[in-house]
Amino acid sequence: MSDCSLVLNLEGVSKVYRSGEFSVRALDKVSLQAHAGEMITIMGPSGSGKTTLLTIAGALLRPTEGRVSICGVDVTEMDQGRLAAIRRTKVGFIYQSFNLLEALSAVENVRLVIHNGSRAGAAQAMARAMDLLEVFGLSHRMHSLPRKMSDGEKQRVAIARALAKDADLILADEPTANLDAKRGQEVMALLREKALELRRAVIVVSHDERIRQFAQRVVWLEDGRLRDHH
Ligand SMILES: Nc1ncnc2c1ncn2[C@@H]1O[C@H](COP(=O)(O)OP(=O)(O)OP(=O)(O)O)[C@@H](O)[C@H]1O
Ligand SMILES: [Mg+2]
């Protein structure tokens, strides 16, 4: 566990992609704070910078200007080795395409991210993975391989995995894009409920209007600029 309450702090973050003589200002002086126990939805048209923002928030991409802190640690100029450690311990990603390991069962996919050295630790990790899958209604799918599961089931495994990690920051890019409306809403409701209970900060990127009801806060991106949305 951690004492991190201001989980993500983006201050004046801009991102310019350059290729040759062309450049695209994907983000323009974006400031955003996410606290433990908060779920924020980022909405906006295609090309407005949503994925860029999420990728910078998860320390996978450096901003051109501005500062990024995760749990009070400034990661803006951190070297790759330390960044990898921050991502491994502090950040859980949920992708549109699930990103499960196809050779591993549901429970193994979740257990994999729970770090434990000792033998007692391994048993504990297994128990924790099983508990989480049970919460997500997957008791009957523990030992199933991803290819034998439905999209909704796979997405629930992916969310269980992100929560299993004890990551303070959970980032999801269009997590419901591959799900039908009903499944999408179920998955979002579960993510919200568990994230709040476990005091994680969650940022969900979506351009699905139906997702906004699940967030405490909706922010709107347009041409790389952020504004609060009511
Ligand atoms: N690696 C890159 N190199 C150059 N330009 C990029 C790169 N990635 C994104 N862009 C540009 O930056 C802008 C923002 O892209 P981004 O992917 O963040 O948008 P988005 O809001 O996630 O869009 P979508 O809803 O379609 O996923 C776009 O104009 C895009 O073309
Ligand atoms: Mg995107």
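Predicted model: local features only at pLDDT ≥ 70, side-chain atom pairs only at ≥ 80, totals over all residues.
Which residue just after H5 takes a positive phi?

View 1. Helix H5 runs over residues 151–164, and its 14 residues reach 20 Å from the first C-alpha to the last, close to the 20 Å expected at 1.5 Å a residue. Because 13 of the 14 residues of H5 are buried, this helix is largely enclosed by the rest of the structure. Just after H5 comes the residue asked about, Asp166, whose phi is positive at about 65 degrees.

**View 2. The aromatic pair Phe93 and Tyr95.** A search of the whole structure finds one aromatic pair. Its members, Phe93 and Tyr95, are stacked, with 5.9 Å from centre to centre and 20 degrees between the planes. Phe93 counts as buried because its relative accessibility is 18%, under the 20% cut-off, whereas Tyr95, with a relative accessible area of 32%, is partly exposed.

**View 3. The shell around ligand 1.** The residues around ligand 1 include Tyr17, Pro45, Lys50 and His207, and by class the shell has four nonpolar, seven polar and one charged residues. Strand S2 (22–35) and helix H1 (50–57) each supply at least two residues of this shell, and the largest share, three residues, comes from H1.

**View 4. Polar contacts of ligand 1.** An oxygen atom of ligand 1 is 2.6 Å from an N or O atom in the side chain of Thr52, and an oxygen atom of the ligand is 2.7 Å from an N or O atom in the side chain of Lys50. At Gly49, a polar backbone atom is 3.1 Å from an oxygen atom of ligand 1. Of the 640 Å² of accessible area that ligand 1 has on its own, the protein covers 59%.

How values were computed: Residues numbered from 1 in each chain as written. Chains lettered and ligands numbered in written order. Heavy atoms only, no water. Helix = DSSP H or I, 4+ residues; strand = E, 2+ residues; numbered from the N terminus. Expected span 1.5 Å × (residues − 1). Buried < 20%, exposed > 50% of the residue type's maximum accessible area, 1.4 Å probe, protein only. Phe/Tyr/Trp six-rings, centres within 6.5 Å; stacked < 30°, edge-to-face > 60°. Near = heavy atom within 4 Å. Polar contact = N/O pair within 3.5 Å; in protein donor to acceptor, adjacent residues only side chain to side chain. Areas by Shrake-Rupley, 256 points an atom, 1.4 Å probe, with all protein chains shown as cover. Nonpolar A, V, L, I, M, F, W, Y, C, P; charged D, E, K, R; others polar.
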